[in-house]
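Biologist: I should like to learn how to read a structural model, one feature at a time. May we begin?

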Amino acid sequence: MNERAARTATSTSIIVRLTLAATFLVFCMRLYSLQIVSGDSYQEQAAVNRLREIDTYAPRGVIYDRNGEILARNRPSFVIAVVPADLPPDDIATEIDEQRIALERLLAVLEADSEEEMAIRIAEVMFLHLGREDFKNTVESAGIDLSFRQVNLEILKQDEDGREILEEVPTLIPDLAIPLPVGGLLALLERAVAIGTQGSSYRPISVLDLVDREQAFQVAEETYQLRGVHVLQQPVREYPYRDLAGHVLGFLGPIPKLAADKYKNRGYEDPNEPVGLNGLEYTYQDSLRGLPGKRLVEVDILGRESRTVNVVREPGPGLNLNLSLDIRLQQVMQDALARQLEETGAPHGVALAMDPRSGAMLGMVSLPSYDNNIFSEGLGEEYKALEVEDDTQRPLYNYAIGGLYPPGSTFKMVSATAALAEHVITPATTLVDRGPIYLPNFFFPDDPEQSQEFVSWNHKLNILHGPMTIIEGIGLSNDIFFYYLGGGFPNFMDGLGSERMAKWMRLYGYGELTGVDLPGEVLAFVPDEQWKRLTKAESWTTGDSYNMAIGQGDVLGTPMQVMVSTAAVANGGYVVKPQFVQQMVDTQDHVQWQYEPELQERMPVDPGLLAYVQRGMWYAVNGHAGTAYYSRVEGVTVAGKTGTAEFCAYDPEIQDCTDRDHEGNLPFHAWYTAYAPYEDPEIVVTVFVYSGGEGSAVALPVAQEILHAWFHELRQ
Amino acid sequence: MIRHFDKPLFFAVLLLCGIGIAMTYSATITTIDLADYWQRQLLFTILGAIALVTAALFDYRHLELLAQPSYVFLLASLVAVYLVGEVKSGAQRWLSLGITDVQPTEAGKFLLIVFLAWYLSRFQDRIRRIAYLLGVVVLLLIPLGLVYIQPDLGMTVTLAFLSGTLILINGVRLTHVLLGVVAAGAAWPILQGTLQDYMIERIEIFLDPSSNADAAFNVQQALISIGNGGWIGMGWGEGSQNQLHFLRVRHTDFIFSVIAEELGFIGTVMVLLLLFFVIWRLVRIADLAQDQFGRLITLGVASLIFFQTFVNVGMNLAILPVTGMTLPFLSYGGSSLVSMMVAVGLAQSVVMRHRKMDFS
């Protein structure tokens with residue numbers, strides 16, 4: 001090596017070593033900056049990567065009847081879902097859409113391409129996720145033709161006065177019974193994932209629900225290598241008695257979109273969490289739900305849990321509900337009412353039973369009913385509700401608290417109490433039925449041709465009841481007697497008049513909700529002079545008082561209100577609140593909440609006077625020619641009151657009421673309301689049959705059957 | 001002769017291999033398909049150690065005879081790849097040998113080192129003349145061009161770096177260097193036109209990580225893994241990024257991130273120190289070498305190890321773009337490990353024979 005080369009070698013060697021040292025230093029500095037300076041931030045990001053807070057299901061409370069029979073319970077079931085965040089990200093460097101491939105593979109594993117039933121079930125779940133519009137648009141933009149069905153959707157609107165009215169709008173909804181090709185399902189899945197990603201992309205989106213254990217394990221095995229596919233446990237609500245207590249129990253469904261914010265404020269984080277949408281499931285939602293637990297779990301890059309790091313909160317199981325309802329009585333009520341509806345061809349009817357002392361509900365049937373299991377099995381709430389409402393008889397409607405009807409003669413207890421308490425009559429007052437009475441025309445008092453005729457039901461049968469006290473008046477349900485009480489008669493006696501009748505109507509609980517622990521109760525108004533002036537721009541007439549006194553005209557109430565008013569007669573003047581749930585107990589059977597009946601102030605009527613009203617109801621069943629003779633039950637004294645209420649279902653097309661008979665008479669609702677034993681009442685029963693006809697002929701036998709079963713088979 | 005065997009170098013390499021086996025274990029044990037990789041890496045290390053010792057016993061000066069055939073062989077295999085090579089993931093880099101596919105460029109690195117060392121030492125006194133310099137540039141451009149059109153940008157750059165380093169170290173005129181820079185500058189527009197899409201994309205991702213979610217995801221996860229290590233790391237087999245597979249290609253390209261996460265700043269600096277110690281020792285051998293051929297061979301090996309370390313660690317630390325380059329001695333992979341150890345063996349051969357009197 002010559003000298004120059006040696007010099008060069010030495011200097012290059014120095015340069016090389018300097019380069020090495022510099023590189024080493026740069027790397028160390030960079031490492032220091034990443035690991036030490038920014039270490040906390042990266043450690044946090046690593047934690048975000050691996051740690052996930054997972055809600056754990058808290059078992060929903062079980063619902064029992066008064067004898068411990070299970071009315072609602074949970075059945076284990078599984079859901080196959082995808083977690084958008086765990087799906088393979090789409091690598092834009094390639095033509096391939098990785099996410100689409102993953103979803104395609106999932107559909108293939110589920111055999112959605114070959115099994116029609118599977119395709120239908122997946123489409124149903126997607127319909128639930130996306131809603132009607134989005135579902136339709138997504139499928140159509142995938143180039144697939146949808147078939148539609150037309151249903152009438154009820155849409156809540158506001159009329160000019162700002163009141164909410166239901167309007168029926170014919171709407172096309174996709175027919176889900178026809179299986180979609182895989183392309184359509186794939187488009188729906190992608191859409192659901194895209195929407196899901198907008199919220200929290202870690203929230204699982206169900207693809208298929210109601211999977212049983214065996215199938216769940218099979219899918220879990222086959223999808224193990226599929227990124228982002230999870231098999232989750234999601235119990236299903238089960239109602240062993242199916243449609244028997246449909247209206248009482250209600251059903252579950254995903255949180256309705258319109259109410260999403262409200263639920264969120266109440267602590268419902270998952271928008272698809274099933275919540276009670278009707279019945280007791282709705283009223284006691286928060287108690288039944290309990291508190292979902294939270295676990296901190298470590299997940300791998302496929303989103304699979306590797307271990308639980310920390311239990312943030314143990315799930316708090318929901319409280320069980322103990323009802324006063326007797327499912328056996330409910331069965332009797334349903335059978336008896338259903339038979340009567342079938343015989344008379346009436347579209348719907350109600351049967352109610354309650355303990356008049358406490359308001360504890362013993363049974364409630366509104367027919368037609370529905371099987372609540374249909375909401376847990378298969379379809380989601382929205383679609384199924386449409387399908388059920390497609391039925392003109394509207395089984396989802398609870399007529400016991402949602403229907404307003406003229407109470408007819410069952411209202412005479414109110415008029416009678418008012419007349420006695422306001423001293424319009426005394427118990428000894430005798431009034432005579434001499435046939436129809438004619439109320440002189442207000443403007444032409446001297447022209448008998450212009451006067452208005454008021455008849456009693458017995459006149460049509462050519463019977464005159466002659467002289468009566470209040471007891472016979474109620475027992476025979478004589479209308480003339482009550483016309484006098486309500487409106488008096490010129491130059492003969494003063495009646496109660498509108499104000500005093502309205503006052504007593506309110507005292508009996510009309511014009512207010514009964515407060516039963518069910519959603520959907522409707523409010524009836526109390527007709528009085530002011531109300532008539534405001535709504536009809538007419539002044540109150542004596543004829544209005546006549547009609548009101550016999551529960552016709554503008555008097556309206558729900559069957560539940562009629563029962564509560566009956567109970568008030570039975571229990572000596574207390575309006576009670578009907579109540580199904582008597583206790584809430586925890587899983588250790590400790591009572592967490594006990595219902596204490598809150599007795600209202602007693603009505604301002606002397607118990608001695610109210611006794612005459614009770615006696616009148618006794619007479620109806622047990623007196624000579626009483627209207628409710630056939631409701632007697634062996635060994636028990638029953639007191640009752642029939643009702644046959646004329647009603648007008650106005651049809652704008654014919655500009656008249658529908659269903660008039662050949663003589664032009666209006667159709668009748670059949671009522672019967674009763675309590676027993678007369679001496680010490682423990683049950684009150686109210687039966688209502690829409691357009692059923694005579695109360696004594698149609699409603700009464702149902703009540704008799706119920707009372708008989710209660711006293712001879714069920715009561716301990 | 002044996003007493004000049006560089007034991008610190010040998011044990012540093014073995015230590016690095018040991019760390020490599022341990023980290024491969026940690027990176028692959030949770031993946032069923034890869035669970036035996038650490039055993040295979042152990043086997044490769046044993047084979048590599050034998051190869052290292054064998055190469056050390058072999059007199060490197062005999063390689064001078066093989067220099068020209070090496071070059072011809074390199075060109076022949078590259079042309080063979082071009083004509084009948086296997087195409088894998090869009091690049092034609094592999095030759096099928098029936099039993100297994102080989103990538104001629106892996107061995108090509110060493111063939112080129114031997115050939116360049118021979119050429120530069122043979123014409124050392126004449127290299128300052130432009131003709132000889134141009135000669136070596138032309139001889140280089142042929143294999144480089146063939147590798148470039150495979151396409152394999154990483155290997156092209158590696159070979160260019162290797163050759164450039166050797167030429168510079170051997171000594172050139174400053175004016176020639178400037179001339180080379182100007183020529184490269186002139187050629188740049190043409191080169192740019194031939195850059196494959198994936199190459200441009202990788203550079204773009206480096207400049208703007210958000211442009212490719214998937215690749216940026218990998219880099220981001222690597223940074224998180226490194227940052228997650230802190231001072232002392234999460235412990236061997238305990239790195240969450242590694243064990244839960246957030247970090248991808250973790251046993252090869254991103255083994256450095258696994259080391260950083262599980263061994264922390266202190267452990268990683270130790271590993272870097274070891275790597276640089278190995279290179280440092282190689283430079284020392286080059287200084288001791290009794291002839292220019294030995295010196296250049298040793299520096300070639302050193303610059304190869306340095307370049308791969310620099311690019312791989314730079315990529316892990318997100319200061320360089322993503323390339324599929326492995327970390328010497330640490331990344332999983334048999335052929336790269338064994339060839340690296342053979343290279344170290346050659347350097348040992350050089351240092352064992354640096355005293356002329358030993359050959360008497």
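Biologist: Which residue takes a positive phi just after H18(A)?

Modeller: Just after H18(A), Gly509(A) takes a positive phi of about 100 degrees. Helices (H or I, at least four residues) are DSSP runs, numbered from the N terminus. This is a predicted model, in which local features need pLDDT of at least 70, side-chain atom pairs count only at pLDDT 80 or more, and totals for chains, interfaces and linings use all residues. Residues are numbered from 1 along each chain as its sequence is written, chains are lettered from A and ligands numbered from 1 in the order in which they are written, and side-chain values use heavy atoms, with hydrogens and water left out.

Biologist: Which residues of helix H18 of chain A are buried?

Modeller: Buried means under 20% relative accessible area, exposed over 50%, and partly exposed in between (1.4 Å probe, protein chains only). In H18 (residues 497–507) of chain A, the buried residues are Ser498(A), Met501(A), Ala502(A), Trp504(A) and Met505(A). Seen down the axis of H18(A), they fall within an arc of 165 degrees, so they line one face of the helix; the arc is that of the directions from the helix axis to the C-beta atoms.

Biologist: Why is helix H17 of chain A described as largely enclosed by the rest of the structure?

Modeller: Eight of the nine residues of H17(A) (residues 479–487) are buried, so this helix is largely enclosed by the rest of the structure. Among the buried residues are Phe481(A), Phe482(A) and Tyr484(A). Just after H17(A), Gly488(A) has a positive phi of about 65 degrees.

Biologist: How many aromatic pairs does a search of the whole structure find?

Modeller: Rings of Phe, Tyr and Trp (its six-membered ring) pair if their centres lie within 6.5 Å; planes under 30 degrees apart count as stacked, over 60 as edge-to-face and the rest as tilted. The search finds 42 aromatic pairs over all chains. In one of them, the ring centres of Tyr484(A) and Phe489(A) are 6.3 Å apart and the planes are at 90 degrees, so the pair is edge-to-face. Tyr484(A) is buried, with a relative accessible area of 8%, whereas Phe489(A), at 22%, counts as partly exposed.

Biologist: What is the mean pLDDT of chain A?

Modeller: pLDDT is the predictor's confidence in each residue, from 0 to 100. The mean for chain A is 85, and 91% of its residues reach 70 or more. Over residues 378–393 of chain A, pLDDT stays under 50. Where pLDDT is low, the predicted coordinates should not be read in detail.

Notes. Helix = DSSP H or I, 4+ residues; strand = E, 2+ residues; numbered from the N terminus. Contact = heavy atoms within 4.5 Å.
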